Amino acid sequence: MSKIVILGAGISGHVAATHLRRKLPKKHEVVVVSPNSNYQWVPSNIWVGIGRMKSEKIYFPLGPLYKKKGIGYKQAKAISFFPEGDKTEEKPYVLSEYVVGDKKGQQEKITYDYLINATGPKLNFEATEGLIPGENKAYSVCTYSHADHAWEGLKALIEEMKAGKKAKILIGTGHAKSTCQGAAFEYILNVEQELRKHNVRDMAEVTWISNEYQLGDFGMDGMLLSYGSMTMKSHEMVEMVFEDRDIKWILGAGVNKVEDGVAHYENLEERTEIRSL
């Protein structure tokens, strides 16, 4: 009998757990360790952030499903790894700490025969001073609760524009070491389309800000894309799309401070600020 421990219940961890439970004989134990109580389909956060979907449509509670499937579940966070055990535990284990309920704050050594680390990225908002989604005019679509807040802010801004107030909207990545621009890129195009849908596009200045050295880099030195009979580099296509939609851009920038309505950023040439949503 083997015990497989999976850290994380996102797309990778959840898929791994359900596939293993289906493929392995019942004598083998599958255990998921995650601080989250819900599974969320992250790609749909974009739709929540523009009001096209309700957040409750993109998540479900993990506990009842895992109980039904025969998958162990501990709502805890991994603190450290001990692949060779220690003086009191000869088996490899993960030291975890419960985050809810009667066991909140308690630590447990969770032993394993096989370990899958699927915790995903850390949302490092702390790296940018004042970047606190839910507390000021800084928004995020990294989680479904963040996306709810983003739609509330966008919806209110749209109403202000309908009443005649012009707006500046800044969308992109935060600190200079951010490594994923994909979600922000998808979101800015959907926001721009939403403004057109509500007939307020002419009232908004929309700007993209990123640490990329050129548009369409996406942290992987760009791509080759096909458009009809043409093949072009991703930066050429993104530039074409942004120019067509009148989206401005700031590149090579790291946002180092966010105040209510103002984002401060720094690049290799200067430090400046821009008013945001």
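Guide: Gladly! Let us begin with Ala-176, which is found in the loop between β10 and α5. Helices (H or I, at least four residues) and strands (E, at least two) are DSSP runs, numbered from the N terminus. This is a predicted model, where local features need pLDDT of at least 70 and side-chain atom pairs count only at pLDDT 80 or more, while totals for chains, interfaces and linings use all residues. Residues are numbered from 1 along each chain as its sequence is written, and side-chain values use heavy atoms, with hydrogens and water left out.

Visitor: Why is Ala-176 called exposed?

Guide: Buried means under 20% relative accessible area, exposed over 50%, and partly exposed in between (1.4 Å probe, protein chains only). Ala-176 has a relative accessible area of 53%, so it counts as exposed.

Visitor: What is Ala-176 in contact with, leaving aside its neighbours within four places in sequence?

Guide: Contact means heavy atoms within 4.5 Å. On that basis Ala-176 is in contact with Asn-211 and Gly-254, leaving aside neighbours within four places in sequence. Ile-79, by comparison, is 97 residues from Ala-176 in sequence, and their C-alpha atoms are 27 Å apart in space.

Visitor: What makes Glu-90 exposed?

Guide: Its relative accessibility is 72%, over the 50% mark, and therefore Glu-90 counts as exposed. Glu-90 has its place in the loop between β6 (76-82) and β7 (93-98). Leaving aside neighbours within four places in sequence, Glu-90 is in contact with Glu-84 and Gly-85. Leu-7 is 83 residues away from Glu-90 along the chain, with 20 Å between their C-alpha atoms.

Visitor: Which strands make up the open sheet that has β10 in it, and in what order?

Guide: This open sheet has three strands in the order β10-β11-β14, with parallel pairing. What makes β10 (167-172) and β14 (247-250) edge strands is that each pairs on one side only. Neighbouring strands of this sheet are turned by 25 degrees against each other on average, direction ignored. Helix α6 (residues 234-245) packs on the sheet, touching β11 and β14, and its direction makes about 130 degrees with that of β14. For such angles, axes are lines fitted to C-alpha atoms, for helices over the stretch in contact, and angles run from 0 to 180 degrees between N-to-C directions.

Visitor: What is the order of the open sheet of four strands?

Guide: The order is β5-β2-β1-β9, with parallel pairing. Its edge strands are β5 (72-74) and β9 (114-117), each pairing on one side only. Three bridges join strand β2 (residues 29-33) to β5, so this couple meets the requirement for pairing. Val-33 stands opposite Lys-74 in β5.

Visitor: In what sense do β12 and β13 pair?

Guide: Strand β12 (residues 224-227) and strand β13 (residues 230-233) pair in the antiparallel sense over four bridges. Ser-226 has Thr-231 in β13 as its bridge partner. β12 and β13 form a hairpin with two residues between them, and Gly-228 in the turn has a positive phi of about 65 degrees.

Visitor: How many helices and strands are there in the protein chain?

Guide: There are six helices and 17 strands. Of the 277 residues in the protein chain, 43% are buried. The C-alpha trace spans about 65 × 40 × 35 Å along its principal axes.
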